[in-house]
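Please read it beside the structure.

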Amino acid sequence: MGRILPIEKIAAKFGIKKHELKLFGNYIAKVDISILKRLDNPSRNKNSKYILVTGITPTPLGEGKTVTTLGLSMSLNRLGKKSFACIRQPSLGPLFGIKGASGGGKCQIIPLDDFCFNFLGDFTAIELAHNLCASFIDNSLYRNNPLNIDCQKIFLRRVSDLIDRSLRNIKIETKNYSYQSGFELTPSSELMAIMALVNSRKELHDSLDDIIVAQNKNGKFIKSKELKVTGAMAALLKYTILPNLIQTKENTPCFAHTGPFANIAHGNSSIIADKIALKLSNYVVTEAGFGADCGAEKFFNIKCRYSGLIPNAVVLVCTVRALKLHSNRFRDYNDDRLLKEDLIALEEGCVNLEKQIENIKIFGLPAIVVINKFDQDSDKEIALIKNKAKDFGAFDCIVSTMYNHGSLGGVNLAKAVIKAVNQKNEFKFLYSLDSSIEDKMRKIATKIYGAKDIEISDEAFKKILLYKREGFDKLPICMAKTQFSLSHNPILKGRPKDFIIPIKDLHINSGARFITAILGDILTMPGLPKNPQAEKIDIDDNGTIQGLS
C-alpha cells in the first residue's frame, strides 16, 4: 500500500497534460473536457474494454460494489493493465444517514475527507442552478405572470443535499399567488441526470433549455428557456461538467463525477468521465447504483443509448449475508443469525442471484459473479454460491478479499474479467424506442423484475396520452422504485412472483431525455434513520475528520 501521490503525477502517467488539469490542492483535480478533442482518434480506444459493476438486490448496508469497482481497477493495474475507475460522487444525504459511497478497507478513495464533504462543490452548483430556475418561476408569477403559468401545474420543486423529511411538502404563498411544492434530494434533480448524460457543453446548454418546468393555463408546456434563466444556470455549472480526478489507496486513478440515484434517477456516473477514461486506458471499470434491476438496467437502456458506448462484461457483486437475507427467514438485517453458517437459508436466498444473472444475460453480456467475502463466511457457503452461480449461467464466480487485501485480493477476479471481455459481444437493448410507453414499462416490469403485469393508474394514463401527443413517447423509461426488492414492495425479498407493478404516475424529464415512471410509493426526499451515521462523525484538534469509514 503506497502513500498518496500528487495528482499531477498520476495524471501524467495516464497521458493527461498539465494544462488540462485544474488543480484543487495537491491530490484532486478537474480534467478539462477539451482533452476529448485532443484524443479524438478512433484507434486510440479501439481495444479499450468497458466493464460495469452491479449487484444483487441490496441490503441497507450495501454489498461492496464500490469496493469491487475500485479494487478491480486496482487489480487490473497490478497485472500490468492500464485501468481507470469511474464512480459517482457521494451525496451528503446518505453520508449523514446510513452510509457513504467511497469504498472501504484497502479499496477506498483518498483523500477521504475532501471526497466525502462537498467534493469540489459540484452538488452545490447543481443545487444552486436548480433552485435559481425555481426562483425564476416565482419571479415570473410575481411579475404579473407573463407566461400565464398555471400555479397548480408547476413541476419543478426545489432541492437540497441534506435529508430532511419536513421539507417534503411546503406551501409557497404570497399576496399574488400560492401553490403546493416541496424539496427533493439534490441527486434526484433533473440537472444531476442531465450532467451525467451529456457529451459536451453545447449538449448541456441545450438540455437545460429543454427542461419542462410547468404548464400554462392553456395546457401548454413551459420550458426553462422561456424563463430566460438557462444561460445563468449553465454559467453556474461551468466547472461542474469537468470530471473530478482522484485516486485510490493504491494510486489507481478514478473519475468521480455526478451522482444521480438509481432508485429515482438513472443511477450512473457521467458519460464524459467514461469517455475520457476509455481514451486514456485499456480497461475502464464503472459502477451502477443498487441492484442489476435498477442501475444496470438503466445503464444499458438509458446511458448506453446516449453515450454510444457498449459494455464488454458485467461484474455482479454478492455477499453470503445478503443472500441469506433474501431467503425471507430474517426480518432484520442486523440479525446475528445471518453471520452463522446456514446453508438452507443461503440456498433459498440464491434465487435473487439467479434473477440478477438472468437480467444481465438478457442484454447479451457475460456475468462474472464476485463473492465479497467476510471473515465469518464458511467454505461450504462459498462453495454453494459458486455452484449455484455456474448453474445459473454465470461466466465465472470468484471470491474477493479486496476489502482486506487490496488489489492482491482481486487478482483472480481481474483475470476472469480479462478473459470475459475478450468474448464475442452480443449486447442488445431490452426494448426499441419506437415501442409505446406502456410496452416499454411492461417489458421492464415483466422481463427484469419478473412481474406478472403492470397496472397503470388513471393519472399515469393521462400522462401517457399527453406525452404521446407532445412527441415524447420515443424516449427511454426510467423506473423509480424501491431498491430493496425486485418488485415495487421493499418487503418482498428473494425472487417474488405473480405480482403486479403499479404505475402510479409519470414525470417527463425532457432535458435529461427520459420519462420517469413512479412505481408505488417512492420518496425523493428520504428521512434520517433512528441512529444516523452523522452521530459517528467528528473532527479532532488537527482537523482530521473521523467516522467516515
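The report starts with aromatic contacts, then turns to a helix pair and a loop residue.

The model is predicted: local features need pLDDT of at least 70, side-chain atom pairs count only at pLDDT 80 or more, and totals for chains, interfaces and linings use all residues. Residues are numbered from 1 along each chain as its sequence is written, and side-chain values use heavy atoms, without hydrogens and water.

**Aromatic rings**

There are eleven aromatic pairs in the structure. Rings of Phe, Tyr and Trp (its six-membered ring) pair if their centres lie within 6.5 Å; planes under 30 degrees apart are stacked, over 60 edge-to-face, and the rest tilted. Two of the pairs are listed here.

| Pair | Centre to centre | Angle between planes | Class |
|---|---|---|---|
| Phe 300 and Phe 363 | 4.4 Å | 40° | tilted |
| Phe 427 and Phe 429 | 5.3 Å | 75° | edge-to-face |

Phe 300 belongs to helix H11 (residues 292-307), and Phe 363 to the loop between helix H13 (343-362) and strand S18 (367-372), so their pair ties together parts that are 63 residues apart in sequence. Helices (H or I, at least four residues) and strands (E, at least two) are DSSP runs, numbered from the N terminus.

How accessible are these rings? Buried means under 20% relative accessible area, exposed over 50%, and partly exposed in between (1.4 Å probe, protein chains only). Phe 300 is buried at 1%. Phe 363 is buried at 2%. Phe 427 is also buried, at 16%, but Phe 429 is partly exposed at 35%.

Phe 429 has a charge over its ring: the charged end of Arg 305 lies 4.1 Å from the ring centre. Lys 481 places its charged end over the ring of Tyr 449, 4.8 Å from the centre. The criterion is NZ of Lys or CZ of Arg within 6 Å of the ring centre and within 35 degrees of the ring normal.

**Helix packing**

Helix H17 (residues 437-449) packs against helix H18 (residues 458-469) at about 125°, with axes 10 Å apart. Axes are lines fitted to C-alpha atoms, for helices over the stretch in contact, and angles run from 0 to 180 degrees between N-to-C directions. H17 and H18 are therefore oblique; angles under 35 degrees are roughly parallel, over 145 roughly antiparallel, 65 to 115 roughly perpendicular, and the rest oblique. Ile 437, Glu 438 and Met 441 of H17 meet Phe 461, Ile 464 and Tyr 467 of H18 (contact: heavy atoms within 4.5 Å).

**A loop residue**

Leu 492 sits in the loop between strand S21 (477-480) and strand S22 (500-509). Leu 492 is partly exposed, at 31% relative accessibility.
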